Amino acid sequence: MDRIILIKPFITDKSYKGEKCSFYTFSVNINCNKIQIKKEIKKLFGFSVKNIRTMIYPRKNKSKYTKKGFLYGRTNKLKKATVQFFGNQKIDFLNKKEI
């Protein structure tokens with residue numbers, strides 16, 4: 001049974017600044033570890049990984065005011081992984097090409 005480890009890339013201003021130094025940020029499965037992330041990157045892109053940093057963001061309470069009154073809810077728990085590649089290995093997410 002294959003689990004999805006890499007969910008999606010984070011495309012923000014801060015992540016674009018990191019791409020100059022071969023840093024890429026991905027949303028990953030909350031239960032996976034760095035070794036599993038490294039194997040998945042190697043399998044998908046064929047790149048050798050230099051460094052991986054992971055961070056877990058907890059759930060947050062959110063509320064908003066509408067015509068019907070206040071609506072309350074919670075955000076999902078989130079895990080991000082910042083991956084650094086060796087050398088000049090780059091991924092172009094907008095054109096979906098590996099360089």
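**Close-up views of a predicted model**

**View 1. The largest nonpolar core has 16 residues.** Those with the most contacts inside this core are Phe26, Val28, Ile37, Ile41, Val83 and Phe85. At least two residues of the core come from each of strand 2 (23–28), helix 2, strand 3 (49–57) and strand 6. A nonpolar core is a set of buried Ala, Val, Leu, Ile, Met, Phe, Trp, Tyr and Cys residues joined through side-chain atoms within 4.5 Å. In soluble globular proteins, nonpolar side chains tend to be buried together. Isoleucine 41 is in contact (heavy atoms within 4.5 Å) with Leu6, Phe26, Gly46, Phe47, Val49, Val83 and Phe85, its neighbours within four places in sequence being left aside. The model is predicted: local features need pLDDT of at least 70 and side-chain atom pairs count only at pLDDT 80 or more, whereas totals for chains, interfaces and linings use all residues. Residues are numbered from 1 along each chain as its sequence is written, and side-chain values use heavy atoms, with hydrogens and water left out.

**View 2. The whole protein has two helices and eight strands.** Helices (H or I, at least four residues) and strands (E, at least two) are DSSP runs, numbered from the N terminus. From that terminus the order of elements is β-α-β-α-β-β-β-β-β-β. Along the principal axes, the C-alpha atoms fill a box of roughly 55 × 30 × 20 Å. The radius of gyration is 16 Å, while a compact globule of 99 residues would have a value near 13 Å; the radius is taken over C-alpha atoms, and the globule rule is 2.2 Å times the number of residues to the power 0.38. Of the contacts with a separation of 6 or more, 62% join residues 24 or more positions apart.

**View 3. Lysine 80 lies in strand 6 (residues 78–85).** This lysine counts as buried because its relative accessibility is 17%; buried means under 20% relative accessible area, exposed over 50%, and partly exposed in between (1.4 Å probe, protein chains only). Beyond its neighbours within four places in sequence, lysine 80 is in contact with Phe10, Thr25, Phe26, Val28, Arg53, Thr54, Met55 and Tyr57.

**View 4. Glutamine 84 is also found in strand 6.** With 15% relative accessibility, glutamine 84 counts as buried. Neighbours within four places in sequence aside, the contacts of glutamine 84 are Cys21, Ser22, Phe23, Val49, Lys50 and Asn51.

**View 5. A salt bridge joins the side chains of lysine 43 and glutamate 40 (3.9 Å, N to O).** A salt bridge is a side-chain nitrogen of Lys or Arg within 4 Å of a carboxyl oxygen of Asp or Glu, and by this rule the count comes to one. The two residues are separated by about one helical turn because they stand three residues apart in helix 2 (residues 34–45). Lysine 43 counts as exposed, at 61% relative accessibility, whereas glutamate 40 counts as buried, at 15%.

**View 6. Tyr65, Phe70 and Tyr72 make a nonpolar surface patch of about 470 Å².** Patches are made of residues with over 30% relative accessible area and no salt bridge; like charges are joined within 9 Å and nonpolar side chains (Val, Leu, Ile, Met, Phe, Trp, Tyr) within 5 Å. Accessible areas come from the Shrake-Rupley method with a 1.4 Å probe; for residues, only the protein chains shown count as cover. Tyrosine 65 belongs to strand 4 (residues 61–66) and counts as exposed, at 64% relative accessibility.
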